[in-house]
Amino acid sequence: WLRVHAGASPAAHLRLLAHHAEMAGDRSRAAEYSWKAARNALRNHQPGEAQSLLLQADGLANESDRPTRMEIALDLGDARLALSDVDGALVSYQSALHIAWQLRQRSKGAEALVRIGRAETSAARYDTAYRHFESALRLYEERNEPSGVATVCLMLGKMLWVKGSPGEALQSYRKAERLYEQLRDKRGQADVSDAFASLHYDRGDLRSAETYYRKAIQLWNTIDDPRGVATGLCNLGVAWLERGSTRKAIKAWEEALELATLTGNLGLQSALAANLGEGFIVAERYDDASEILNKAADVAGRSGNPSLVAEVALNQATLAFKQGQWEDSVASIEEARRVASTISVPRLMGRLERVTGDLFFERYRKTESHPPRHAKNAIKHYRHAINLYVDAGSNLESTKTHELLADVLEVLGRSNDAARERDVAREIRDAYASLSDDPVLDGSPD
C-alpha cells in the first residue's frame, strides 16, 4: 500500500517501508530502503541519521550481495567522516576497498582509495593520504575516467600546497580545472577556484584571492552546498582580516559557523571558531575571544585533527600574552609544539615560531626593564619562522614576519638592520607574481 500511495517520490516513507519490509521477512528490500533513506540523509547533511540507517542497512543486506555491501560501506564511511570519526570511516572505506578488489571493480577501488585519502587528510596524515591519492590516480588514468582524475588532481594539489610545493600544486590544480570545465562540474570548479584563491593569498595578492573565493562561494550556492559556502566564507574572512576588514571577517565567520554547525562538520566548526577567536583578539574583544576559543579547543579535540588543535592553542597563546598572562601563553605554545611535532607541516611550524617570537617581543615591551634576552629570543624565533614560511611557499607570511623582525631590530636601535628587513619584505611583496607565469594566477576568473 505504501509503495502504491507514495507516488513518484517515496523518500518521506523510506524508513517506514524498510520497517514493514523487515517485518514481512524481506530483508533485502528492507536493506535497500534503509540505504536509500540514508543517502537522502547524507544529501540533507544529517550524518548522524545517515549512520544509523546505514548500520541498519548493513545488518539487513544479504551477505552474498557484495556490490550492495560495498556501496553501503562507502556511504557509511562518508557519514562517519562527517561526524569526525576518522578511524571508523577508515574501517568502512577499507572494507569497501577489499570488496572492490574481490569483485575486480577497479573504478570502485579507486573511489575507495580517494575516500581513504580524504579521511587521512582530515587527520593531518598527509604522507599516507598522498600515497592513497597517487594509487587512485593511476587507476583512474588507466581507465580513462576524467572525473576521477580531476578529483585526485585537486586533492594531490592540496597535499602539495600543505607540504610547501605551491608550483607543483598549481600544475595539479590546472589539470583539475581543465577537466572540471570539460565535464561542466560546478562543484569541482568551485573547489578549484577556492584552491587557486589560497595560492593567491599565499603570494600576498589579497585582491585576487578575494575574487576567487567569491567565485567559489557563488558556485557552491548554485548547487546548494552549505558546507562549501561555509568553507568559502571561512577563507574569505581570512583574506578580509588580512586586509584590515575585521568586522567583515567576523560577520563572515559567524555566518559560516552557523552553516557548519547545521552540517555537523566538526573540523570546519573548529577552524571557524579559531578564526573568530583571532578576529576578536584583533578587535580587543578578549572575553569573546576566550569563550569562542574554549569552544574551538573542545571541537578541535573531537575532530581528531592535530593541526586544528595546534592552531587553536596558538590563538589561546596570543590571547594570553595580550593580557599579560605569560605562563598561560607559554603553556599554550608548548601544547601547540607538542601537537605540531606529530605532523610535518611547514606553515604550521612557521606560525608556531612566529607566535613564540610575538610572545617574547610583547614581554620585552611590557616589562619595565626591557630585558635584552627577550628581544634576542624574539629575533631568533622570527628568523626561524621566516625560514619555515619560505619552505612552505608562503610569501605573505614570510613578508609579515620580516616586518615584525624589523620592528624588534628598530627598538634595539639597529636601524640599518631593520631597514634591510623592510627592504626584503618590500621585494617579496613586489615579486609575488614570480611564482608562475600561468595566466590563471595573473588574471581573474571568468
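1. Buried residues make up 52% of the 446 residues in the protein, where buried means under 20% relative accessible area, exposed means over 50% and partly exposed lies in between, with a 1.4 Å probe and protein chains only. Please keep in mind that this is a predicted model, in which local features need pLDDT of at least 70, side-chain atom pairs count only at pLDDT 80 or more, and totals for chains, interfaces and linings use all residues. Residues are numbered from 1 along each chain as its sequence is written, and side-chain values use heavy atoms, with hydrogens and water left out.

2. Now the overall build. The protein has 23 helices and 0 strands; helices (H or I, at least four residues) and strands (E, at least two) are DSSP runs, numbered from the N terminus. Along the principal axes, the C-alpha atoms fill a box of roughly 85 × 45 × 35 Å. Among contacts (heavy atoms within 4.5 Å) between residues at least 6 apart in sequence, 58% join residues at least 24 apart.

3. Next, how helices pair up. Two packed helices are described by the angle between their axes and the distance between the axes. Helix H3 (residues 27-43) and helix H4 (residues 47-60) have axes that come within 8 Å and cross at roughly 160°; axes are lines fitted to C-alpha atoms, for helices over the stretch in contact, and angles run from 0 to 180 degrees between N-to-C directions. H3 and H4 are therefore roughly antiparallel to each other, a label for angles over 145 degrees, while under 35 counts as roughly parallel, 65 to 115 as roughly perpendicular and the rest as oblique. By class, the contact of H3 with H4 has 12 nonpolar, 4 polar and 2 charged residues. Here Ala, Val, Leu, Ile, Met, Phe, Trp, Tyr, Cys and Pro count as nonpolar, Asp, Glu, Lys and Arg as charged, and the others, Gly among them, as polar.

4. A second pair is worth a look. The axes of helix H14 (residues 246-263) and helix H15 (residues 266-282) come within 9 Å and cross at roughly 155°. That makes H14 roughly antiparallel to H15. The contact of H14 with H15 has, by class, 10 nonpolar, 5 polar and 1 charged residues. Among the H14 residues that meet H15 are Ile-250, Trp-253 and Leu-257, and the H15 side includes Leu-272, Leu-276 and Phe-280.

5. Is Thr-246 buried or exposed? Thr-246, in helix H14, is buried, with a relative accessible area of 15%. Not counting residues up to four places away in sequence, Thr-246 touches Leu-241, Gly-279, Val-282 and Ala-283.

6. Met-70 is buried, with a relative accessible area of 1%, whereas Arg-66 is partly exposed, with a relative accessible area of 34%. Leaving aside neighbours within four places in sequence, Met-70 touches Ala-96, Ile-99, Ala-100, Leu-103, Gln-105 and Lys-108, and Arg-66 is in contact with Ile-99, Gln-102 and Leu-103. From C-alpha to C-alpha, Arg-66 and Gln-94 are 14 Å apart in space and 28 residues apart in sequence.
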